[in-house]
Every structure is written in C-alpha cells, then in structure tokens.
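Please look at the sequence and the three-dimensional structure shown here before reading the report that goes with them.

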Amino acid sequence: MIGKIKKGKSFAGLTKYILEKEEAELLCTNLAGETPQDFYRQLAATRQLNPRVESPVSHISLSFALGERPNQQQLQEIVEGTLLGMGFDNCLYFAATHNDRNHFHLHIAASRINIDGECVSDWWDKRRLEKVLRNLESQFNLTSVPCSWEVDHTAPSTGQKRRMMRERQEFELRLRNKPPSYSAVEKIQDAINTTIQPEMTMTQFLEKLQTAGVETKVKVTKEGIIQGISYSTDGVAFQARKLGRNGKACTLKGLLARGIDFDLERDVLALVQRATSNSQDDKQMSINTLIAKIQNHPQNLSMYTSDSHSHNVAQKSQSANVSNLSNSQQQNCILKSQANYLKHHKGAELDL
C-alpha cells in the first residue's frame with residue numbers, strides 16, 4: 001500500500017470530496033447520521049474541545065496495488081489498524097472507498113482532536129504511516145511496498161502520474177500517436193544513472209549530461225562557496241536534494257560518493273559556465289573574480305576527490321589554472337565561460 005497523510009482546516013470540504021465523488025462508498029465510521037452534512041458537522045464540533053489547534057483535519061489516503069482489493073471486513077480492519085497506529089483510535093472519523101482510478105484506494109477523514117480534547121501529534125507522521133502500512137501489508141498478505149527511505153529514486157508527482165495515465169489511455173484508444181512520455185523527474189534520474197561512471201571527472205559528467213538533454217546549474221555564493229546543483233529538462237527543474245537518495249543521490253556530495261572525480265583546478269571552468277546566484281551583487285561579479293573565489297575558499301576543499309593534484313592548487317589564480325593549455329585552448333575556455341556566464345548573468349562585468 002501507498003499511504004499519504006495531510007492536515008487541513010475544512011471538514012466540510014474534505015467530507016464532500018470523499019463522500020460526494022462518483023462511485024464513492026462509505027466503508028466505516030463512528031459518527032452518527034447518514035449524510036455528508038451530518039458527518040462534517042460532528043467533526044467540526046470537535047474544534048470546540050481545543051480551539052488552539054489550527055489544522056484539526058486529518059486526511060489519510062491508502063492506495064492498493066493494481067488488481068488488489070481486500071474484502072469488506074479486511075478493509076475495515078485495515079482502517080482500524082491505521083487509525084490505531086497513527087494515534088487516532090480515540091477520534092471521530094469516517095472512511096470511504098473510491099473506484100475512479102485504475103487501482104483501488106480508500107480515504108479516511110478524522111479529527112486530530114480526540115474526545116478528551118487532546119491533539120494527535122503530527123511528528124514524523126509520514127514516516128510513522130509508512131511503518132504502520134508495512135505491518136498491515138504483512139498482516140493481510142498484501143503487496144509489500146518499500147519505505148521511502150529505502151528507495152533510491154524519487155517517484156513522479158501525483159500530477160505527473162495522472163498525466164502519464166491519461167496519455168496511456170489516449171494511446172490505447174488511438175487518440176494519440178505516441179505512447180506516454182516519461183516524467184521529467186524520471187528522465188533526469190535515468191540520464192544521471194546512465195551518464196555517471198566511476199572516476200569520471202566532474203567536467204566530463206556535466207558535459208555528457210548536457211549532451212543527454214539535461215541542463216545543470218551550480219549555486220555559488222558571493223564568497224565563492226559551492227552550495228549545490230540543480231538539473232532541468234523539458235523546461236522542468238529540480239534541486240539535486242529532491243532527486244535520488246541513498247546510493248543514487250544526485251547532490252554534489254552524492255555524485256562524489258558515486259565515483260565522480262572532482263578537482264578545483266581542472267573543473268572550475270565547467271562550474272563557472274553553469275554558475276547561478278539569486279543575489280544581484282553576485283551577478284555583477286567578473287568571471288576571473290568568481291574563479292579566484294571558488295578556488296581560494298577553504299570550504300570547497302572538502303569536495304576534493306582527485307589524487308592527481310595537491311590541495312594547495314586552490315590557492316592558484318585563474319591564469320595559473322589555464323597556463324598549461326595552448327593559447328588557443330586558453331582563449332576558447334575563457335570565451336566559453338564568458339558566454340555561459342553572461343547567459344545566466346545579464347549585465348555582468350568582465351575584467352579579462
């Protein structure tokens with residue numbers, strides 16, 4: 001099962017969404033009455049028990065594997081087990097099933113304020129819900145789903161999944177000529193995994209990733225500290241921390257852990273070509289100044305992985321950095337850096 005849990009303020013809105021949707025069926029409840037109005041009025045009344053709670057609404061949705069649907073008794077026990085595991089066993093609630101997707105799923109609406117006026121804690125509620133569901137999967141012999149912290153890849157968003165589902169249906173009905181395209185998050189992660197090779201230099205990685213259709217930007221502060229990297233494709237961008245995890249992390253530290261070789265002297269030009277900043281002062285910084293700050297800042301030295309250069313190269317100036325290249329190669333490197341830098345920093349001043 002895949003579970004989601006959210007907080008909110010409107011009992012009426014959530015109740016109508018769950019119960020008034022086409023093919024919705026009430027599964028179980030501890031509320032009196034039969035209509036949505038009966039339900040949300042009782043849920044809303046719990047606000048008076050603890051007016052300090054700003055978001056008293058809890059919405060839990062549970063999605064089952066394709067083709068999997070427990071019987072009525074099992075579903076009720078799954079709801080009760082979920083409420084008990086999440087601390088809602090002393091709260092007012094109702095649960096209903098939906099059949100508007102290609103997979104079976106159900107929704108639980110509950111008040112976070114129990115009958116004693118206490119508020120159910122939301123501390124790490126998403127992780128707690130995953131642990132509760134893993135136990136229920138084992139208890140009812142349901143398809144097991146790994147916990148989010150055990151997964152290496154970031155999954156597409158709900159909106160992206162709906163888009164792919166719609167395109168798949170249109171393709172099967174011959175309303176479109178092409179099969180559904182992958183989401184941007186999948187394209188980027190696949191490109192990174194395909195591109196990355198042990199002992200590949202950072203420059204090689206960034207250039208080959210660009211060839212694969214993924215653009216990168218490197219966040220650098222005005223002090224020259226390398227803060228992070230982001231990726232984009234098809235006009236959709238993601239911060240590295242939102243892509244991959246564990247052994248497939250896509251952050252700068254994750255790339256180094258996966259075997260990318262980083263050397264400031266060798267790779268600084270590739271970073272400057274992709275440097276971005278939110279500060280107007282940083283945008284006016286010259287390329288030479290930025291290179292010198294990146295190479296000289298001690299905080300960047302912790303990123304070194306290359307054994308071929310001593311760490312004291314970070315004290316060298318840009319002229320020393322390209323001194324081993326021919327004149328034409330030097331000029332090409334600098335001109336390429338200028339063009340890419342100015343692309344992201346319009347009006348930047350050059351002192352070359």
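## Basis of the description

This is a predicted model, in which local features need pLDDT of at least 70 and side-chain atom pairs count only at pLDDT 80 or more, while totals for chains, interfaces and linings use all residues. Residues are numbered from 1 along each chain as its sequence is written, and side-chain values use heavy atoms, with hydrogens and water left out.

## The chain as a whole

The secondary structure of the protein chain comes to 13 helices and nine strands, where helices (H or I, at least four residues) and strands (E, at least two) are DSSP runs numbered from the N terminus. Of its 352 residues, 44% count as buried; buried means under 20% relative accessible area, exposed means over 50%, and partly exposed lies in between (1.4 Å probe, protein chains only).

The chain exposes about 18,900 Å², and carbon and sulfur atoms supply 48% of that area, with accessible areas taken from the Shrake-Rupley method with a 1.4 Å probe, and with only the protein chains shown counting as cover for residues. Among contacts (heavy atoms within 4.5 Å) between residues at least 6 apart in sequence, 68% join residues at least 24 apart.

## The five-stranded sheet

Five strands form an open sheet in the order β1-β3-β5-β4-β2, with antiparallel pairing; two strands pair if DSSP finds at least two bridges between them. Because β1 (2–8) and β2 (25–29) stand at the edges with a single partner strand each, one side of each is left without a neighbour in the sheet. Neighbouring strands of this sheet are turned by 20° against each other on average, direction ignored. Helix α2 (residues 36–45) packs on the sheet, where it touches β2, β4 and β5, and its direction makes about 140° with that of β4; axes are lines fitted to C-alpha atoms, for helices over the stretch in contact, and angles run from 0 to 180 degrees between N-to-C directions.

Strand β4 is mostly covered, as six of its six residues are buried. Tyr-93, Ala-95 and Thr-97 point one way from β4, whereas Phe-94, Ala-96 and His-98 point the other way. On one side, β4 is joined to the antiparallel strand β2 by four bridges, and the bridge partners include Glu-25 with Thr-97 and Cys-28 with Ala-95. β4 also pairs with β5 in the antiparallel sense over six bridges, with Thr-97 opposite Leu-106 in β5, and these two strands form a hairpin with six residues between them.

## The loop residue Asn-99

Asn-99 lies in the loop between β4 (93–98) and β5 (105–111). Is this residue buried, partly exposed or exposed? Asn-99 has a relative accessible area of 26%, and is therefore partly exposed.

Not counting residues up to four places away in sequence, Asn-99 touches Glu-23, Arg-69 and Phe-104. Glu-23 is 76 residues from Asn-99 in sequence, yet their C-alpha atoms are 6.2 Å apart in space. The side chains of Asn-99 and Arg-69 are joined by a polar contact of 3.1 Å; such a contact is a pair of N or O atoms within 3.5 Å, and within protein one must be able to donate a hydrogen and the other to accept it, while residues adjacent in sequence count only if both atoms are side-chain atoms.

## The four-stranded sheet

Another open sheet has four strands in the order β8-β7-β6-β9, and its pairing is mixed. The edge strands, β8 (236–239) and β9 (275–276), each pair on one side only. β6 and β7 pair in the antiparallel sense over six bridges, and Val-218 has Ile-229 in β7 as its bridge partner. Helix α6 lies across β7 and β8, and runs at about 115° to β7.

## The nonpolar cores

A nonpolar core is a set of buried Ala, Val, Leu, Ile, Met, Phe, Trp, Tyr and Cys residues joined through side-chain atoms within 4.5 Å. The largest has 39 residues, of which Met-202, Phe-205, Ile-226 and Tyr-231 touch the most other members. Among the elements that each supply at least two residues of this core are α6 (184–195), α7 (202–211), β6 (215–220) and β7 (226–233), while α9 gives the most, with six residues. Apart from this core lies another, of 27 residues, among them Met-1, Cys-28, Leu-62 and Val-120.
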